[in-house]
Amino acid sequence: MRREKRKLPIFDIILTSLTLILIAASAYLLYLYKSSSTAAHDDSSALDQVTSTIDETNSNFKGIKIISEISNDKNVPFAIQYPQSSHTEFNDKVKKYIKKIKHDYLTNLATHKQKQSEFTNELNISFETFAHPNGTYSFVFLSNQHIQDYLKETDIYTVHLNNDKGKMLTLKELVNNPEESLQRLSKLTKQQIENDETLQSMRLEEIEQYTKPVWENFEHFIFTEEALVLYLPYDKNKNNIPIIPLSYDKINDLLVDDYKVQVKEESENETPSKDDNTSKESDANAPDSNENPSNESTKDELDSAKKVALTFDDGPDPEVTTRILKTLEKYDAKATFFMLGSRVEYYPEIAKMVEEAGHELGNHSWTHPDLTRASTEKIYNEISRTSQIIEEVTGEKPYSFRPPYGAFNDSVRQQTDLPIALWDVDTLDWKHRNPQQLLSHVQNGVKDGSVILMHDIHASTADGLDAVMAYLQENGYTFVTFSEIEQQ
Ligand code: ZN
């Protein structure tokens, strides 16, 4: 009894302080949630609603669309991309995964105190789409999370989908004799690790553990045109994810008939895109000759007029970009589109439409990462891969590079020859999603030579653009591209 009594005050103090900490933590968490949910307002509703509006005809991957959720909030920056289909079960599974990672990130942010520095946190979830020759899709998600210097986490996740049947499948369901196949997969995987130089740092017990013949070890896999690729379990704090490709000639006998792929000898004509390029180069000469046809006579007049460059980031998008193109056409205006390579891959026709309408193309990276914390190799890949697909799809090279979040440093500079394209008027359209506010940000910020930042993935931006353009026109501005401003 006595002891209890003596303990009580201490207990009280601990309890009280614990409660206070808890309240503070939850308040902060709530704040983060709020700011991130405003940041991702459309997207959280998109998270629930996308299922109904899959435009199969627009996507490069039939029946699949790509959703981009990007927050430029300096406290809670993230760029998340994920696929959706017309199948609820698949959509829910993907959204559940995204939600979990996002929740982790917000919780981690809340538990690590914020310093004053900018962009020391980041969440980036990207994915790649692979098609098996039989028409099924594999998606591999890569998520990177940074919380200042405290935490750096990588996560890999895969989903395999038969989109025609709306069924997700495990590897176990795609082999003939599960028990025997499991033993073979285990053996093949082990062999592959031993032959892979990049995996030499794996400890023996890790290899034993991760290649053990249990299905949990082979939970994450994709089917590409050439191979079954396994993503083995790994230590989340390490960068070295064991990725094991098993070519079809090694595993065909394990697979159900529909998944066997006959391996051809040497492929003779595997790069049709190269032929495309040559044909595009030749017709690229034609538009060159009639560049600025209307400008000539009034050149002096235009030079004295006020100029403004409208720029649109994070697209292309089948609905929003198309609507924006119509409004621009109404004003006979040219704008600049900073595209994400990942979205150009999904919507090549929309990217092409932008180019054909005479707008300037810009590069905005492949997955929208904060490049100031990326390796030089990653920086190079993000930019060059995006330039490549833009040129492949539209026949035009991007003129400039806009770094995600506007974040760049010398090492970003060194990885590209493209001019860096920043802005001076931020409409914050990603945050407020409000046509009225779009206009008032422009009204308050615009001056001669301004570059205005908008995003062609939000319907509210397409809604508000006409009023913005009417205002600018009434106030004597002419619409020019980013390069025309830059070259002044
Ligand atoms: Zn962006």
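1. Ten residues, Phe 61, Phe 90, Tyr 97, Phe 127, Tyr 137, Phe 139, Phe 141, Tyr 157, Tyr 346 and Tyr 347, form one aromatic cluster. Pairing here takes the rings of Phe, Tyr and Trp (its six-membered ring) with centres within 6.5 Å, and planes under 30 degrees apart are called stacked, those over 60 edge-to-face and the rest tilted. By this rule the count comes to 17 aromatic pairs. The rings of Phe 61 and Tyr 137 are classed as edge-to-face because their centres are 6.2 Å apart and their planes stand at 80°. This pair links distant parts of the chain, 76 residues apart, with Phe 61 in the loop between helix H2 (41-49) and strand E1 (65-71) and Tyr 137 in strand E4 (residues 137-147). Phe 61 and Tyr 137 are both buried, where buried means under 20% relative accessible area, exposed over 50% and partly exposed in between (1.4 Å probe, protein chains only).

2. A word on the basis of these remarks: the model is predicted, so local features need pLDDT of at least 70 and side-chain atom pairs count only at pLDDT 80 or more, whereas totals for chains, interfaces and linings use all residues. Residues are numbered from 1 along each chain as its sequence is written, and side-chain values use heavy atoms, with hydrogens and water left out.

3. On the overall make-up, the protein chain has 17 helices and 16 strands, which are DSSP runs numbered from the N terminus (helices being H or I with at least four residues, strands E with at least two). Of the 488 residues in the protein chain, 49% are buried. Among contacts (heavy atoms within 4.5 Å) between residues at least 6 apart in sequence, 69% join residues at least 24 apart. The accessible surface comes to about 24800 Å², of which 50% belongs to carbon and sulfur atoms; the areas come from the Shrake-Rupley method with a 1.4 Å probe, and for residues only the protein chains shown count as cover.

4. The largest nonpolar core has 34 residues, and Leu 310, Phe 312, Leu 328, Phe 337, Ile 452 and Leu 472 are those with the most contacts inside it. Such a core is a set of buried Ala, Val, Leu, Ile, Met, Phe, Trp, Tyr and Cys residues joined through side-chain atoms within 4.5 Å. Helix H16 (residues 459-474) supplies the largest share of this core, 5 residues. Not counting residues up to four places away in sequence, Leu 310 touches several residues, including Leu 328, Ile 452, Met 469 and Leu 472. A second, separate core of 31 residues includes Ile 80, Tyr 97, Ile 125 and Phe 139.

5. Phe 312 and Phe 337 deserve a point of their own. Their ring centres are 5.1 Å apart and their planes lie at 25°, so the pair is stacked. The pair links parts of the chain that are 25 residues apart, Phe 312 in strand E10 (residues 306-313) and Phe 337 in strand E11 (residues 336-339). Phe 312 counts as buried at 0% relative accessibility, and Phe 337 is buried with a relative accessible area of 1%.

6. The zinc ion has as its protein donors Asp 314 (OD), His 364 (NE2) and His 368 (NE2), lying 2.1 to 2.2 Å from it. Donors are N, O and S atoms within 2.8 Å of the metal (3.2 Å for Na, K and Ca), and water is not among the atoms, so sites may look incomplete. Along the chain the donors follow the spacing D-x49-H-x3-H. Asp 314 lies in the loop between E10 and helix H9 (320-330) and His 364 in the loop between strand E12 (360-363) and helix H12 (376-394), so the pair ties together parts that are 50 residues apart in sequence. Asp 314 counts as buried at 1% relative accessibility, and His 364 is buried with a relative accessible area of 2%.

7. Most residues other than glycine have a negative phi, and most peptide bonds are trans. Phi of Asp 314 is near 75°, a positive value in a residue other than glycine. A cis peptide bond joins Gly 315 and Pro 316, with omega about 5°, and Pro 316 is found in the loop between E10 and H9. Tyr 405, although not a glycine, has a positive phi of about 60°.
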